[in-house]
Amino acid sequence: MAMVGLAVVLLAAVASLLWAALGAPPLTSSGAARPLTAAERLDALKICIAVVGGLGGVVALTVAYRKQRDNEAAERREQTRVFNDRFVAATSQFGDGSSATTQVAGAYALAGLADDWPDGRQMCIDVLCGHLRLPYQGDPDADDYSYERREVRRIILRIMRDHLREGHATVSWSEHRFSFERVVFDCGDLSKAHFKNTSVSFHRARFLAGTTELNGMVFENTSVYLTKAVFGGGRVDFTGTAFAGHRTSFAGAVFGGGSVTFVDVDLGETELVLDDAVWTGGAVDWGPVPALPLRPGA
């Protein structure tokens, strides 16, 4: 409709200019008009041509703009379709019965997609975190313990770590949310990961075996929640980690086994919450963190 209206306006303008160029003959039979000289008519014709050319240019620019806009919209739709296809292909590699090799390939495919797709990056991160939250036997002495699953989980954490370390990856994931809620840790390396302007949750996470490296991490303007986390075995290392967010909460956490170290942690101005946290066993080097009383059997 806009183009039709523009055409009508252009037609009216051309008609008016031609009427003027022809000497503005009277539209009725009354009155007399002095005929224009040849020079005056030539000048009028020049003006007519210039105006018509300008209006034609406006029309051409409008058509070109609309064509470009339509092409860009089509390109965005196609790009989104390609990203969605890649997402489906990558997530399908995490299906039940997939081999460890296939799942690792899926993890790297999702990471690559997250790097290429800013609008879908959080969704890809959520899928990787979701895989870690799946039920998992973290006791290496159990009959159903799987070293292959352990390796897949270790690699996913390493992929995250590499995207969270400053200057380590082309694309940073530092300002995205990470949920490790209820994740079972029997290994993993997030050392020197840098989180900015977000939140990180380890709510009800369980650290049961192996070594989990959380040392040298930085939570810049980032609240971190280890509420009701269970430190039941293995070694968890917070050495040198900077808790620089609004809140750092260990509320309801249980330190019951293995070893945990808070040596040289930087609490800055964070609100440290230890409400209902208990220390029932294991070795804890509290560093600058207010030590909880040891209550065996609590």
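Select Met-160 in this predicted model and display its surroundings: setting aside neighbours within four places in sequence, Met-160 is in contact with Leu-128, Cys-129, Leu-132, Trp-173, Phe-178, Phe-180 and Leu-190.

Now widen the selection to the largest nonpolar core, which has 61 residues and in which Met-160, Trp-173, Phe-180, Phe-231 and Phe-255 are those with the most contacts. At least two residues of this core come from each of α2 (38-92), α3, α4, α5, β10 and β13 (254-261).

Next, show helix α4 (residues 121-132) together with helix α5 (residues 147-164), whose axes come within 10 Å and cross at roughly 145 degrees; the crossing of α4 past α5 is left-handed. To see the contact itself, pick Leu-128, Cys-129, His-131 and Leu-132 on α4, and Val-152, Arg-153, Ile-156, Leu-157 and Met-160 on α5. Coloured by residue class, the residues of this contact divide into seven nonpolar, one polar and one charged.

Move on to helix α3 (residues 100-116), whose 17 residues reach 25 Å from the first C-alpha to the last, close to the 24 Å expected at 1.5 Å a residue.

Finish at Thr-241, in the loop between β10 (230-237) and β11 (242-244). Is Thr-241 buried or exposed? Its relative accessibility is 0%, so Thr-241 counts as buried, the cut-off being under 20%. Displaying its contacts, without residues up to four places away in sequence, shows Thr-241 touching Leu-214, Asn-215, Gly-216, Met-217, Phe-219, Val-265 and Asp-266.

Technical notes: Residues numbered from 1 in each chain as written. Predicted model: local features only at pLDDT ≥ 70, side-chain atom pairs only at ≥ 80, totals over all residues. Heavy atoms only, no water. Helix = DSSP H or I, 4+ residues; strand = E, 2+ residues; numbered from the N terminus. Buried < 20%, exposed > 50% of the residue type's maximum accessible area, 1.4 Å probe, protein only. Contact = heavy atoms within 4.5 Å. Axes fitted to C-alpha atoms, helices over the stretch in contact; angles between N-to-C directions. Left-handed = near helix turned anticlockwise from the far one by under 90°. Nonpolar A, V, L, I, M, F, W, Y, C, P; charged D, E, K, R; others polar. Expected span 1.5 Å × (residues − 1). Core = buried A, V, L, I, M, F, W, Y, C linked by side-chain atoms within 4.5 Å.
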